[in-house]
Structure formats: C-alpha cells, structure tokens
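Here is a short briefing on one protein chain.

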Amino acid sequence: MALAMAAGLVRPKRSVAEEAVRAREAQGRLVSEGDDETYVLVASEAATSLNAQQQKQLDNNKRIQFQNGVKGEFPGFVREGYNVTVVVDDSYCVAPSGLIYDEIRTGEGDMPMDGQQVIFHYVGFNESGAVIDSSYRQNRPAETRLGINGMIPGFEEGIKGMKKGSKRRIVVPPGLGPPVGPSTFFSSKQFEVFDVELLDIKNCRRRQVAMFSDVVCE
C-alpha cells in the first residue's frame, strides 16, 4: 500500500479492492487480516457504521441469540463470507493477537504461567449463542496445565490473562481457534465465545518413582 504522497503530487487512484478495504475499515477496527478479516465495532456505533443489509444480519443474529437464551452483553456477528464484523459493548477489549474479551469480574493474585495447572468452569457458545460445551454439564470444573498445547490457542491466551477468582467472556476468532477440516470436529471457520471463571492455580512438579515419573500439581 502506497505511503502518504509528498506535497503537491497527485495521489494515485485506489483500486476497487483498496476502496473495499477502506469502506470496511470505516465500519470498525481491523484486528486480523488475510483470507478471513475481522473487524470489531462498538455497539453504539453500529447504527451509523453498518449498511442496511449488515444491520439486518445483525438484527437476525441478535434475535437467534435471544431465542438461545444468552445473557449479558453477548457479541453480535455480521458475516460476509469469511470476513466478520464483531459488534460488542464498549466494555470489551482487543488484545494484539486479535483476541476479544470482556473482564466481568477481576480476581486477585498472580496470573497463571506455563507449567502451572489451572482449574476453571466454562461455557462455550457458537456465534448464534447456542451452548456447544460446558463444564457445568459435566458437574465438575475443567483442569489442565498451561503450555502443553492442551487448549485451543485463543482460549489459553484468555486464561493466561486472568487471576484467581476472575471471570471473563472470551471471543476467540478463527485464527486463534481449533483446526478445521474433515479430520476434525470443526468443519468451518467460526468464532467461539467462552464464559470462563478461574477457580484455582496450582504449581506442578515432576515426581520420580523408581523407573517411572509423573507430574503432581498442588
């Protein structure tokens, strides 16, 4: 993309593709680029930033979310192919990676690090607000160690930014989500939304017993 032109020179005409990008940039903050671009738009600006077709898509998305019983300031999704505008309340933040999150409750203490075990409750939703997974359904919190590729990248990044006792809503874009394809459970590039409550953080150590070893977290 051309840099700003020197004074007195004629600015070159932009291509149709460049004009399309500029039009989309006016609709929100670009947080990821490539084949699937993601824009984040504050809900209060949606009325003046979305065109009629996009507003219709947002209204339909919100209607389905309402039917699915979502609670709180749940993000809205306006999808144009693989390009998505995520409409959120102004309480949401965007990390440099493109991860979107809302800090619902702030905990205390240090944030977890690689090698530590995290214990947490979660509810996972798709873009329509339908529940796709939940630790509450299993009647026990989930637990895993960080840094062992045990979670999808965006989910792990979101948990690493939490403190014990905190609760946040994490919006994971496809680029930070699970792999897709015939050999996986996920067949398309979709955003996933997680409500996460971090219950505890434990230190872990490797224990050697004779010829065998295991990891103990306490």
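Where is N139 found? N139 lies in the loop between β8 (131-134) and β9 (142-145). Strands here are DSSP runs of E with at least two residues, helices are runs of H or I with at least four residues, and both are numbered from the N terminus.

This is a predicted model, in which local features need pLDDT of at least 70, side-chain atom pairs count only at pLDDT 80 or more, and totals for chains, interfaces and linings use all residues. Residues are numbered from 1 along each chain as its sequence is written, and side-chain values use heavy atoms, with hydrogens and water left out.

- N139 is not a glycine, yet it has a positive phi of about 60°.
- N139 counts as exposed, at 71% relative accessibility (exposed is over 50% relative accessible area, buried under 20%, partly exposed in between; 1.4 Å probe, protein chains only).
- N149 sits in the loop between β9 and α4 (153-160).
- N149 also has a positive phi of about 60° without being a glycine.
- The relative accessible area of N149 is 73%, so N149 is exposed.

**Whole chain**

- The protein chain has four helices and 13 strands.
- Of its 218 residues, 37% are buried.
- Take contacts (heavy atoms within 4.5 Å) between residues at least 6 apart in sequence: 59% join residues at least 24 apart.
- The accessible surface of the protein chain is about 12,900 Å² (Shrake-Rupley method, 1.4 Å probe), and carbon and sulfur atoms hold 52% of that surface.
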